Amino acid sequence: MSNIRQRLPVHVLLLLAGGLSLFPLYWLFLTSLSPTQYVVRVPPEIVPRELTTGNYVRLFETTPIVRWLVNTVVIAGVITAFHLLFDSMAGYAFAKRRFPGKNVMFWLVVSTLTVPAQVTLIPVFFILRFLGLLDTYPGVILPGLADVFGVFLMKQFIQTLPTELEHAARVDGASEWQVYRHIIVPLSRPALAVLAIFTFQRYWNAFIFPLVILHDPSKYPVQVGLATLQGEFNTDYGMLMTGAAVAAIPMIAVFFAFQRHFIEGIRIGGVKG
Amino acid sequence: MTGDGAMNRRRFLQSLAAVGVVVACGPTATASPTPGTSASGSPAPKAVSIEWWRRNYAQGTQSAETITSDAAVKAYKERASNVTIAIQGGPFGAETDQKFDIAILQAHNGPDVFHTTGGDVLKYAAAGQLSPPTLTDAERTDFNPSALNATTYKGAVVAYPLWIVPWFEYINLDLFKEGGVTPPANGNWTYEDFLAAAKKLTFKRADGKQIYGFAHANDEFAFMLIDGGRPYDKDLKTWTFNSADAVSGLEKWVALATAKVMPPDFLTLNPNDSQARFLAGEVAILQRPSAMINILNADAKWKFGTNWAIANFPKAKGEQTAWGGVGFIAVREQADADKKAAAHAFAKYLTGPDIGPDLKKQTPPVEYWLAPAGRKTAAGIYGDYHPAKATVATMSPFTYVLPNVRTWSEIDQKYLRPARDAALEGKKTPKQALDEVAPQAQKLLDEANK
Amino acid sequence: MIATEPRRRRSLTAARRRYGWSYLFILPTFSLFVVFTLLPVVQGLILSFQNATVVGGEFVGLDNFATLAADPVFVQAVGNTILYATIVVAAQITLALVVASLIQPLGTRAQIFYRALFYLPLVNSAILVAMVWRWIFNPNPFGLANAALGTVGLGPFLWIGSSDQALIAVILSAVLTIPGGGVVLYSAAMGSLPRDLYEAADLDGASWFSKWRHITVPLLRPTTLYLIVIYTILAFQLFERVYIMTNGGGPNNATITIVQLIYSTAFQFGRYGLASAMAVVLFVMALVVAVVQFRSLRSDVEY
């Protein structure tokens, strides 16, 4: 079923749509490779006239970008890892298990998704101060673990898993934890992969919370660090774009690392070939 | 300042103190008399450490704020060796403002001395978080009077004016030549000359490139002052920005839009954009503050006097004044008297006449003043940095800084800017637009005065 | 398991044990949620009934809400937000579903390629993407949109430079981007759909469109519900894109949004009580919409 000629219009359509969406990313990399005086060129140029790696050299030499990247990998990585565990647990409970207060709790959780970060910023700051976690990595990580969109996502996915699998496992003598660990988790691999990608990206780009909670510049994650390249009197666009380009690379890597799970997810009742 | 021997000895003693060794030699730390030190110099100053918060300070980067701040701390160490200063920063922007606010207003904790701008300083004063400077008469007259006025809260000066950022016109001499317009003599011109020049300088080249006569960013409203209009009366009690003078000023501004001498996106140009247009040679006259000089100097293509020059803001009915914004150094009110005193001393140094020369003597020399100083005795060195800055330095004494009220930010963003936009777009007449927002502005003004 | 126990006690013990495990499963997330989300939200709710500012505050009942109702700028923000959300969410769900459906039947390598193609734009920081859209909708003739339209003879538009067109430009910037997250999620979900239903339909001679409409789309309801709720919430929280594209509220507040007002009211004007009231209004709006969405897309689909 992969007759190229039959699929040609589809391919053309997809390429056009994808191209338009990809344009900003292309622009980003283009700007990062352009000599500075062309960065704020008016009118802007789509086809590069001149390419140079000068911005990259300058970025690595004059800013602590490596440190920023390491910090961000640690923060986003830890948050993602814990989310994979906690969200699948909670998602499973909400999807498949019955317990008193379940609906209330679920609605509580989902409804607070509507509250923007600006509203919780100051109260969270004071809670962290009370706990003595200001200017620490846990202070940035813990609020990130309270983020509930992942629970919602896992619940939606897990609820589509056939219940007889769990029943069968229990009849065979599996404990509750084993049901979760050996039935639910493997079947949720595609959703977990998506969750990993989304979570990592969300916290990779975190800005306002780390900025307010962290004081020590050696702990800055990459978005906060890059923002310091925007001056009161002048902005170095070349460096800014280059920094953003460098920052984009780990996320691309994470995507490719996890996306193979979409295809490998084995399902009882049907295998997508 | 002192011979090498004394310097080394002082450093040696400092390092001993740092490892906790008690030095039994008595008051030896200030062996050398340092001229111009602050009022808090006592014979045996004890070690104090204070925290300085500086927007856009980012350790490890090369931003101007980072370089000048590090240099300032280094220089101050030589004058007051007992004071250790730690610098905190954050990228320039509203998020860092929040960080400052949370620390100062909510947590009552944080910097001992910090940078702030006109909009924020009164906010902090109203919350009782600022420790007012004690200025001698000589110092008081040394400061630009309208700058002091802008940091006066309920009759008391609450912060040290750091620098005044005057706004004026940058002109592209090449475009003036191309359009056949003579640049104003001595930089002075009337509004009529200015408008005529802008019209003549808006043309389309043979190759299709469109040149515009004038551009400005969306963060200012200079033209409303041009006929003498002012936001409030002298007591800051009555909103007067819909007076006949203010309306006629806005009409002069709208005339620029009607004559289409500005680029079509003039309503959305933020500072960076407007600067980029000028740099690209698309705009003949640009209205911006003094920081643009650094940007032009950084580009080898632009040579002051050859292809760009500075002109004054055009003159109409109002008295010719430069007008500007102002940055401050504020000291936080706190219980620790030693820290507070040290913070005041450091603040005086940062805003005073000594720091410029001190930093110039460092290797490599650092240009401390990013804009002309608020004090006359400190302003001169700014002019030494560059001939363009010399012109600008002469503007600061007569630069009029708009007086400040606590709710100005809200009045500006919620009411004044939309009114300005509506008038410039031609949706409302200037009088209509300004009259409509006057009652709300007055209400906010009343609230600030409560 | 233990067949000799009296039936009632066995089910009670088992039930308690099962409830115990349920609470254990949600404990980590929920406890963090209570501390770092619920408590702050409750605090915000309390604040909305006070006229809290930097100089203190006191209880004022529903005054803040009355002020908001009478504030034309806030009303405009609500209107802008609703208009934006309605158009953009519909577009995003449709685009994500269509694109994922187009990718699904392709070969493995093509699938990987296209998924990456549509996901990659998301790795860009939202701020920089907004800057690019700002260039695209620049009012000058060289603005990318104007330049493209100029090649077919359509005159330069003012886009973000006009209070009439600015919101349209913002909406277009959202609609013209294929939502990579949705494509990825739908792809993952589609990969899990059972083949047998499709095989049965093939035996009946169903067309590809019929299969898509009657098998795929209904089975994807849980994913659709998730996406529609999340996209609506994100649309209601529109802020950064507008802030960068139109320098805040745009000319004459044309593109002002609720979160923008919350931001400036709280952090620039210092009116925390009023800002909290705005957040409460936003919360109620989003909750009402979410309930409606849950009701309409409820499904007990299992496969």
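Student: Is Gln98(B) buried or exposed?
Tutor: Gln98(B) is buried, because 23 other C-beta atoms lie within 10 Å. Buried means 20 or more other C-beta atoms within 10 Å of the residue's own, with C-beta atoms placed from the backbone. This is a predicted model, where local features need pLDDT of at least 70, side-chain atom pairs count only at pLDDT 80 or more, and totals for chains, interfaces and linings use all residues. Residues are numbered from 1 along each chain as its sequence is written, and chains are lettered from A in the order in which they are written.

Student: Which helix is Gln98(B) in?
Tutor: Helix α3 of chain B, residues 94-106; helices are DSSP runs of H or I, at least four residues, numbered from the N terminus.

Student: And what does Gln98(B) contact?
Tutor: Val212(A) and Phe267(C), leaving aside neighbours within four places in sequence. Contact means C-beta atoms, placed from the backbone, within 7 Å.

Student: Switching to chains C and B: how many residues are in contact?
Tutor: 20 residues of chain C touch 23 residues of chain B. On the chain C side, helix α13 (residues 258-268) gives the largest share, 3 residues. That side has 9 nonpolar, 11 polar and no charged residues. Nonpolar covers Ala, Val, Leu, Ile, Met, Phe, Trp, Tyr, Cys and Pro; charged covers Asp, Glu, Lys and Arg; the others, Gly among them, are polar.

Student: How many residues does the contact take from chain A and chain C?
Tutor: 77 from chain A and 82 from chain C. α1(A) gives the most to the chain A side, with 12 residues.

Student: How does that chain A side divide?
Tutor: Into 52 nonpolar, 19 polar and 6 charged residues.

Conventions. Two residues are in contact if their C-beta atoms, placed from the backbone, lie within 7 Å. Helices (H or I, at least four residues) and strands (E, at least two) are DSSP runs, numbered from the N terminus. A residue is buried if 20 or more other C-beta atoms lie within 10 Å of its own, exposed if 12 or fewer, and partly exposed in between; C-beta atoms are placed from the backbone.
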